[in-house]
Amino acid sequence: MTYVVTDNCIACKYTDCVEVCPVDCFYEGENMLVIHPDECIDCGVCEPECPAEAIKPDTEPGLDNWLKLNAEYSAVWPNLAARRDPLPDAKENDGVEGKLAAMFSPKPGKGG
């Protein structure tokens, strides 16, 4: 089992989860984070830290596409091991529907 970052992270990119991760398995895109499924140790400490409730266990139904997206982008985006400020419009974008189609960027973040 692993945890996955889902659509509500897009255009928010809170990094509270990164700060508590004991294995640094978060990777940074331009406007969201992903979890490397082979590095995640299933400890679950990240899930309650996400203000946007965007982190879910992969055992929840309907997350197959999110698991694939996390695996794909964690292989090419830089690792992020330190907390950063969320995106400027994070509060406004929290809970917006259809973010993957409308707002997702495949560009990498800065990492660090």
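**Overall layout**

Modeller: Along the sequence, the protein follows the pattern β-α-β-β-β-α-α-α. Helices (H or I, at least four residues) and strands (E, at least two) are DSSP runs, numbered from the N terminus. This is a predicted model, in which local features need pLDDT of at least 70 and side-chain atom pairs count only at pLDDT 80 or more, while totals for chains, interfaces and linings use all residues. Residues are numbered from 1 along each chain as its sequence is written, and side-chain values use heavy atoms, with hydrogens and water left out.

Colleague: How many helices and strands are there in the protein?

Modeller: The protein has 4 helices and 4 strands.

Colleague: What share of the residues is buried?

Modeller: Buried residues make up 46% of the 112 residues. Buried means under 20% relative accessible area, exposed over 50%, and partly exposed in between (1.4 Å probe, protein chains only).

Colleague: What does I55 touch?

Modeller: Not counting residues up to four places away in sequence, I55 touches Y3, V4, V5, C17, F26, I35, C46, E47 and C50. Contact means heavy atoms within 4.5 Å.

Colleague: Now helix α2, please. Which of its residues are buried?

Modeller: In α2 (residues 64-74), the buried residues are W66, L69, N70, Y73 and S74. They lie on the same side of α2, because they cover an arc of only 115° around the axis. The arc is that of the directions from the helix axis to the C-beta atoms. On the other side of α2, the residues D64, N65 and K68 are exposed.

Colleague: And what covers the buried residues of α2?

Modeller: The cover includes β1 (3-5), β2 (26-28), β3 (33-35) and α4 (99-103).

Colleague: How many aromatic pairs does a search of the whole structure find?

Modeller: The search finds 3 aromatic pairs. One of them joins Y73 and W77 and is tilted, with 4.7 Å centre to centre and 35° between the planes. Rings of Phe, Tyr and Trp (its six-membered ring) pair if their centres lie within 6.5 Å; planes under 30 degrees apart count as stacked, over 60 as edge-to-face and the rest as tilted.

Colleague: Are Y73 and W77 buried or exposed?

Modeller: Y73 counts as buried because its relative accessibility is 13%, and W77 is buried with a relative accessible area of 5%. Y73, W77 and F104 form one aromatic cluster.

Colleague: A change of topic: where does T2 lie?

Modeller: T2 lies in the segment before β1, and its relative accessible area of 4% makes it buried. Leaving aside neighbours within four places in sequence, T2 is in contact with I35, H36, P37, C40, K56, P57, D58 and L67.

Colleague: Where is K56 found?

Modeller: K56 is found in strand β4. With a relative accessible area of 22%, K56 is partly exposed. Its contacts, apart from neighbours within four places in sequence, are T2, Y3, V4, T6, E47 and L63.

Colleague: One last topic, the backbone. What is the phi of A11?

Modeller: A11 has a positive phi of about 70° although it is not a glycine. This residue sits in the loop between β1 and α1 and is buried, with a relative accessible area of 9%. E53, which is not a glycine either, has a positive phi of about 55°. The place of E53 is in the loop between β3 and β4, and E53 is exposed, with a relative accessible area of 59%.
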